[in-house]
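Dear colleague,

I am handing over a structure that you have not worked with before, and I would be grateful if you could look through it alongside the notes below.

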Amino acid sequence: MLSSFSGMCAARTAPGRVCVARVAPGWVCAAVALGAFTGCGDDRTAAQPGAGDADGAADTGEDLPLFREQDLEAPDTALACACGNGKCEAACSETEASCAADCKKAVVCSVAPGGSCDDGVECTTDICNAVGACVHGVAIGSCDDGDKCTTDDKCSNAKCLGQGLLKCTDGNPCTADACDAKLGCNFAPTQANCSDNSSCTTGDACIDGACVGKDKIDCSDGNPCTEDGCNQLKGCVYPPISATCTDANACTLGDMCKDGLCLPGVTTTCDDANACTTDACAKGSGCTNASKAGPCNDGSVCTKAEVCLASACTPTEMLNCDDNLGCTDDFCDAKAGCGHLTNAAPCSDGDACTATDVCQTGKCKPGAPTNCDDANACTADACAKASGCTHAANSLTCNDNDACTLADACTATVCKGGKAVNCNDGNACTDDLCDKVGKCSQVANAAACDDGDACSANDACAASACKAGAAATCQDGAKSGGETDVDCGGVAACGGPACPACGAALFCKVAADCVSGVCGGAQCAKPACDDKVQNGAELGVDCGGACAACPALVVVGTDAKKAWAATWVPGGQWKVQPLDAVSVDAAAATFDAKGDAWIALRHTQLGDPTDNQLKWAKWAGGGWTPISGVAGAKATTKSAPALAAIGAEVMVAFHGLDFKHYVAFGSGAQWQGPNPAGQPAIFGPVGASLAAQLGGVGGPGSVALGFVDGGNVNHAAVREYTKAGGWTTVTDLSGGLDFKLPVTLAATSATDPLQPDLLALHLDTGGQVHWQGRVAGKWTASAAISGAFTEGRVAVAGAGPGLATAAFRGLDSKLYVVKWNGSAWSSVGVAVSPNVTLLSPPAVCRGVAGADTELVWVGATGGVQHVRFSAGAWTKPAAVADGVTNVALGCTQSAPP
């Protein structure tokens, strides 16, 4: 290997001049064609002349390298050298021009082309001399002896020797220090004992060449007001900090640390800014905001009489902003109150002779004049402002376009042919004809005719004469024998029976002539839903079949300003109709044995002669009769009436103003009574309950009356009534206890003599619901229904043979139900989920069309809802109507009529 050779290469650049350059060790000169180059190359530019220039002269341009890398080649190629003293030498003077011819001769090394003189020894200089032989001289300088554990390697006597040893010490007690000749320093991990010099760790050990503390010491003192830390020299330290904390009192806020202690902050304010809650704070649980009742103010001028309901300030009345102007849009702003914006809606200016009227600037502007032309020559067209277009009939002459009429004239807005061209020859057996030009002709016919004998049928024309037919019957296909139409109507004649009634559009004389029972204009009418006759597929008078469904449930809603009644058949829609009762505070409802619905109302109007009057109405012909007083406005009552069916009649029982029992009987549109009901028993502070004993011991012709007996210190009491026997004596149910609310009764229709056929429910002074049952004519002792508490009337009704359902408004104002299975009451449950808040006690009755119970109630906002207990479950609530505070319910006790 050539490591320290250096020599000079020369080249002639111009006549008489030789450039000399030193060649790097291991390289020799090669002949290079320099062309017309006249200067010597170096590493300087024209801007940097000076020492080192081969030609000694100032450069005039950028020097080009005289000897490029490709000009210097290993000694195994053809070389050309300068000459001196007539021999090839390594260098020569530029004045030795006499040897120029010899310098053109090439000297070639003896080694093979592409070979090398390298002897593989780093500390020798390997060259090819002038005669082509390899020469290996001794080299000096740095080298590499191949041992990574020696340092400062240098050539000595053609050998590479290290002058020192590599130090392999890392100062780590967890490694073994060593040196490998091939790899150098090696620090292998050990498992020696060690210390990480930290008071914050324990179990120090060498792991993977490092001293590691296995476990950190636990410095937690459980104090949120200190910073848990560890000092490498001191161990655990707990300096106090300033931070938020909690003093375990939910009624303080902003607790802060001070001097290592948690000090309480400000007291929690639990005010939720809600006037309908009572705000409080408990140390363990924090703020509570319990709902409260009472009047409130929601801050809106658009609402009135607000009250707290379920923690919300709820209005019971809204401000009426209706200005009764169709050209304004009415609205209410919570702060400013009523407002009215003009609109551009269609309107009516009150003039029927203008069309497409429209609102402008708050007023109705008339549109274009109404076109009243009906294109009828027999009318006089005009327009009246109040009624609009009129088309008065005139009597002008006209043309009906029939040549067989004469003197045509307008009659009743129609052009009528005048006197017909008379072609009648007086013979029914000829067809009298008039042709298009008005000429008469007669043609014999074979038409049916009447030979004058009512007892012959199917008379027929032959040869322009009427021939008698066979004897008349109700099957001869002819109108004969007194019939009003072919084979129907009329009375028996010609010795045969009367024919059947006629169908629609056939001739009749009386209603009995018609299948529909309606004869109008000498023709039988089709069955209709407004003909006041039960006909066709109707289930009742003008209801059922193709007509509106007959009522199966009736709900009566009342408040201090209005009353309405709603009727319903399963599968249909609720039909709500207002009742003309201005002020009503209680109602009752039932159905009689014919399926007609009855309602009774207590009309209240302070200072009015009709105050406390007992009134009634009945469903008839698809609507309610007018509200009127019971028995000619003679009955008055102190509280809610009670209704029950007793055979084909209904009984109303009520609390007279003298605190005595009174009843009246309704049938058709008449009332009998009122009459005292088995005096001297008197009512207590509230009204009574009636139960029709369907299927029970008393049977369908009896009722039971439950009441609080004011003459016996408000004991629960019951008495019974039948048409034949009148009133029984009073039975005291209380067992010496006082009760504060009315007794409610339900007939279970039980046929098992060991089960109660009549149930009585009443309350003690604490609101606990009690019950008693009549078994084989005797009443059981009073017993509490577990979990049933209320401050209002308990609703109860039979729910099938031996069964009953009771519903009440709980002390929390929610709706609860409990069911009787013939021997015991179920646990108190709910009919809807989530449960609902009630304004007043609910109402129940025996279910219809497969259900065992119907239940209605008034929700917190005045809306009436209805559910049914059917197939073992309560249905989803269905809305009936809105805007009342009390509700009553009546049901048919059989299939819908």
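Is Trp 874 buried or exposed? Trp 874 has a relative accessible area of 18%, so this residue is buried, where buried means under 20% relative accessible area, exposed means over 50%, and partly exposed lies in between (1.4 Å probe, protein chains only).

Before the rest, a word on the basis: this is a predicted model, in which local features need pLDDT of at least 70 and side-chain atom pairs count only at pLDDT 80 or more, while totals for chains, interfaces and linings use all residues. Residues are numbered from 1 along each chain as its sequence is written, and side-chain values use heavy atoms, with hydrogens and water left out.

**Aromatic rings**

Rings of Phe, Tyr and Trp (its six-membered ring) are paired if their centres lie within 6.5 Å, and planes under 30 degrees apart count as stacked, over 60 as edge-to-face and the rest as tilted. A search of the whole structure gives 13 aromatic pairs. In one of them, the rings of Trp 771 and Trp 820 have centres 4.8 Å apart and planes at 50°, so the pair is tilted. This pair links distant parts of the chain, with Trp 771 in strand S66 (residues 768-775) and Trp 820 in strand S71 (residues 815-820), 49 residues apart; strands here are DSSP runs (E, at least two residues), numbered from the N terminus. Both Trp 771 and Trp 820 are buried. Trp 874, in turn, pairs edge-to-face with Phe 869, at 5.0 Å centre to centre and 70° between the planes, and Phe 869 also counts as buried, at 14% relative accessibility.

A charge sits over a ring if NZ of Lys or CZ of Arg is within 6 Å of the ring centre and within 35 degrees of the ring normal. Lys 723 lies over the face of Phe 665, at 4.3 Å from the ring centre.

**Disulfides**

With a disulfide taken as a pair of cysteine sulfur atoms within 2.5 Å, the count comes to 33 disulfides. Among them, Cys 302 is joined to Cys 332, with 1.7 Å from S to S, and the torsion about this S-S bond is about -100°, so the disulfide of Cys 302 and Cys 332 is left-handed. Cys 302 counts as buried at 9% relative accessibility, whereas Cys 332, at 30%, counts as partly exposed.

With kind regards

Definitions and conventions:
Helix = DSSP H or I, 4+ residues; strand = E, 2+ residues; numbered from the N terminus.
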